[in-house]
Amino acid sequence: MVQIAVIGHGRVGSALAHGLQAAGHVVTLAVHDPDSSSLRRALARNPALRTATPREAVRSADVVLLATPFAAARDVLPPLAEDLEGRVLVDCTNPVGRGLTHGLRSERSGSEAIQDLAPGARVVKAFSVYGYENLEDPAFPGIVRDGRPVLPMMPIAGDDGAAKASVAGLAADLGWDPLDVGGLVQALHLEHLTLLWVRMVRAGGRSPHLVWAALSR
Ligand SMILES: NC(=O)c1ccc[n+]([C@@H]2O[C@H](COP(=O)([O-])OP(=O)(O)OC[C@H]3O[C@@H](n4cnc5c(N)ncnc54)[C@H](OP(=O)(O)O)[C@@H]3O)[C@@H](O)[C@H]2O)c1
């Protein structure tokens with residue numbers, strides 16, 4: 001059982017919070033506005049989710065999920081930087097620019113910018129490359145290879161191996177096949193993978209339940 005704090009309780013944050021609580025973890029939503037309608041919706045769906053101030057939520061957590069708009073991280077993280085020291089910070093955000101381009105002009109990843117905002121945190125990029133529909137429901141029943149279900153792949157990038165392993169465990173609990181894709185330097189490429197998915201699905205009309213699987217031998 002992992003103590004998890006979730007900052008941002010919209011489509012991504014509430015799906016992950018709900019799934020992780022249902023998988024047996026203790027999940028606390030960081031409340032930035034008690035009147036938030038996304039907070040109300042998340043709690044109506046799963047009343048077992050806990051709530052706390054952002055500082056209390058982070059202090060009680062082993063793993064912190066960041067699921068706010070990318071731009072909000074500039075406001076959200078600096079006041080929590082000390083509390084995030086040594087904690088796993090999962091960056092679920094994506095910097096998206098005009099015309100579905102990379103929001104930081106592909107010069108560096110959003111995850112590296114987030115690492116700068118919380119220098120002592122063990123930043124891991126995960127749960128970012130697909131739409132929230134797949135975070136709500138990552139099951140692909142009936143897709144079988146060699147008699148075993150083929151699970152959707154969840155890429156995970158970060159510089160801290162133990163932090164990545166703990167995030168991989170959470171991804172597996174949610175039904176994903178976690179794939180360690182390397183250091184945080186790979187986050188830029190994951191953010192481009194997101195843009196590929198968004199262009200194919202949101203702009204191109206493909207099913208939002210499009211995911212990739214990893215095959216290797
Ligand atoms: N949508 C997707 O399919 C998808 C998939 C993967 C990754 N992502 C990424 O995940 C992140 C969240 O996306 P989303 O679709 O879940 O967005 P969303 O539904 O709009 O939810 C955003 C959440 O962040 C909160 N928030 C906004 N500004 C904040 C601030 N300054 N301080 C604290 N909380 C703040 C909002 O609270 P209020 O409701 O109270 O404003 C809301 O709970 C984005 O970075 C996005 O790029 C999105």
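Two residues are in contact here if their C-beta atoms, placed from the backbone, lie within 7 Å. By that test, and leaving aside neighbours within four places in sequence, Val6 is in contact with Gly13, Leu16, Ala17, Val27, Leu29, Ala30, Leu65 and Ala67.

A word on the ground rules. This is a predicted model, in which local features need pLDDT of at least 70 and side-chain atom pairs count only at pLDDT 80 or more, while totals for chains, interfaces and linings use all residues. Residues are numbered from 1 along each chain as its sequence is written.

A residue is buried if 20 or more other C-beta atoms lie within 10 Å of its own, exposed if 12 or fewer, and partly exposed in between, with C-beta atoms placed from the backbone.

Helices (H or I, at least four residues) and strands (E, at least two) are DSSP runs, numbered from the N terminus. Helix α1 is mostly covered, with 9 of its 12 residues buried: Val12, Gly13, Ser14, Ala15, Leu16, Ala17, His18, Gly19 and Leu20. The cover over these residues includes β1, β2 (26–30), α2 (37–45), β4, α7 (132–136) and α8. After α1 comes Gly24, with a positive phi near 110°.

**Around the ligand**

The ligand is surrounded by 23 residues, and the closest are Gly8, Gly10, Ser36, Ser38 and Thr93. To count, a residue must have its C-beta atom, placed from the backbone, within 6 Å of the molecule. The elements giving two or more residues to this shell are α1 (11–22) and α4 (73–76). Helix α1 gives the most, with 3 residues. By class, the shell has 8 nonpolar, 12 polar and 3 charged residues. For this tally, Ala, Val, Leu, Ile, Met, Phe, Trp, Tyr, Cys and Pro count as nonpolar, Asp, Glu, Lys and Arg as charged, and the others, Gly among them, as polar.

In helix α6 (residues 110–117), the buried residues are Gly110, Ser111, Ile114 and Gln115. Seen down the axis of α6, they fall within an arc of 145° (taken from the directions from the helix axis to the C-beta atoms), so they line one face of the helix. An α-helix has 3.6 residues a turn, so residues three or four places apart point the same way. The buried residues of α6 pack against β4 (63–66), α4, β5 (88–91), β8 (122–125) and α9 (187–203).

Turning to α9, its buried residues are Ala187, Leu188, Leu190, Glu191, Thr194 and Trp197. Their cover includes β7, α6, β8, β11 (153–158) and β12 (177–182). Just after α9, Gly205 has a positive phi of about 85°.

How do the lengths of α1 and α9 work out? The expected span of a helix is 1.5 Å times one less than its number of residues. For α1, 12 residues should span 16 Å, and its end C-alpha atoms are 17 Å apart, which agrees. For α9, 17 residues should span 24 Å, and its end C-alpha atoms are 23 Å apart, which also agrees.

**Exposed and partly exposed residues**

| Residue | C-beta neighbours within 10 Å | Class |
|---|---|---|
| Met1 | 8 | exposed |
| Leu100 | 13 | partly exposed |

Met1 is in the segment before β1 (3–7). Not counting residues up to four places away in sequence, Met1 touches Gly24, His25 and Val26. The C-alpha atoms of Met1 and Ala30 are separated by 19 Å.

Ala162 is in helix α8 (residues 161–173), and its C-alpha atom is separated by 31 Å from that of Pro208, 46 residues apart along the chain.

Leu100 lies in the loop between β6 (96–97) and β7 (101–102) and has a positive phi of about 55° although it is not a glycine. Arg105, in the loop between β7 and α6, has a positive phi of about 55° and is not a glycine either.
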